[in-house]
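Here is a protein chain to explore by question and answer. Look at the structure, then work through each step.

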Amino acid sequence: MAKEIVTGDSVVSIHYTLRGEDKEVIDSSDGGEPLVYLHGRSQIIPGLERELDGKKVGDALKVEVAPAEGYGEYDESLKISVERGQFPKGAEIKEGSMFELANDAGGSLVVRVIGVTDESVEVDGNHPLAGQKLFFEVKLVDIRKATADEIEHGHAHGPGGHHHD
């Protein structure tokens, strides 16, 4: 039997360590369960997904991902000042807090508080890793074909299937 390789609609399990430009560990699956995702469905950052394409179980790789292929370039226009009254009554508003704000287009934007005054709250809608090169160490631990249900639902299901409410 041919070895399974990573292609679109493969369920892929990886162990990874993510480091920032300062080489400090930002996130890791070390000592825990592997990350499981449906390949080709934009469930992981584009630069990493592209590098995993065509790989097989046991492959280990180091991947450097540019900002444009990671969490995007840093966009100064996403730093805005919001009136305190726009936040829910009683919400604890402090630096580092995360909120979801409605935008003019009818959608929403997740923002991080970067400053607070009596009248306003300074927020940043950039991902905390926007504008940074990312450095991944990845080991592929499992690859399998996605089931019809997983493809229809657009995500990998755990052992025993997945039940939607």
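Q: Is Glu69 buried, partly exposed or exposed?
A: This is a predicted model. Glu69 has a relative accessibility of 29%. Buried means under 20% and exposed means over 50%, so 29% makes Glu69 partly exposed.

Q: Which residue forms a salt bridge with Glu69?
A: Glu69 sits in the loop between E4 and strand E5 (79–83). The closest N and O atoms are 2.5 Å apart. The partner is Arg50.

Q: How many salt bridges does a search of the whole structure find?
A: The pair of Arg50 and Glu69 forms a salt bridge. Asp9 forms one with Arg41. The search of the whole structure finds a total of 10.

Q: How many residues apart in sequence are the parts that Asp9 and Arg41 tie together?
A: The closest N and O atoms of this salt bridge are 3.0 Å apart. Asp9 lies in the segment before E1, and Arg41 lies in the loop between strand E3 (35–38) and H1. The pair therefore ties together parts at a sequence separation of 32 residues.

Q: What is the relative accessibility of Arg41?
A: Asp9 is partly exposed, with a relative accessible area of 25%. Arg41 also counts as partly exposed. Its value is 31%.

Q: Is Glu150 buried or exposed?
A: Glu150 forms a salt bridge with Arg144, and their closest N and O atoms are 2.8 Å apart. Arg144 counts as partly exposed at 29% relative accessibility. Glu150 has a relative accessibility of 2%. Buried means under 20%, so Glu150 is buried.

Q: What is the phi of Asp9?
A: Most residues other than glycine have a negative phi. Asp9 is not a glycine, yet its phi is positive. The value is about 65 degrees.

Q: Where is Ser42, a residue that has a positive phi although it is not a glycine?
A: The phi of Ser42 is about 55 degrees. Ser42 is exposed, with a relative accessible area of 63%. Its place is in the loop between E3 and H1.

Q: Which element gives the most residues to the largest nonpolar core?
A: This core has 19 residues. Strand E1 (10–19), helix H1 (46–52), strand E4 (60–65) and strand E9 (134–145) each give two or more residues to it. The element that gives the most, with five residues, is E9.

Q: Which residues does Leu134 contact, leaving aside its neighbours within four places in sequence?
A: Leu134 is among the residues with the most contacts inside the largest core. Leaving those neighbours aside, its contacts are Leu18, Arg19, Ile45, Val63, Glu64, Val65, Gly70, Tyr71 and Leu129.

Q: How far apart in space are Val36 and Leu109, C-alpha to C-alpha?
A: Val36 is in strand E3. At 41% relative accessibility, it counts as partly exposed. Val36 and Leu109 are 73 residues apart in sequence. In space, the distance is 26 Å.

How values were computed. Residues are numbered from 1 along each chain as its sequence is written. This is a predicted model: local features need pLDDT of at least 70, side-chain atom pairs count only at pLDDT 80 or more; totals for chains, interfaces and linings use all residues. Side-chain values use heavy atoms; hydrogens and water are left out. A nonpolar core is a set of buried Ala, Val, Leu, Ile, Met, Phe, Trp, Tyr and Cys residues joined through side-chain atoms within 4.5 Å. Buried means under 20% relative accessible area, exposed over 50%, partly exposed in between (1.4 Å probe, protein chains only). Helices (H or I, at least four residues) and strands (E, at least two) are DSSP runs, numbered from the N terminus. Contact means heavy atoms within 4.5 Å. A salt bridge is a side-chain nitrogen of Lys or Arg within 4 Å of a carboxyl oxygen of Asp or Glu.
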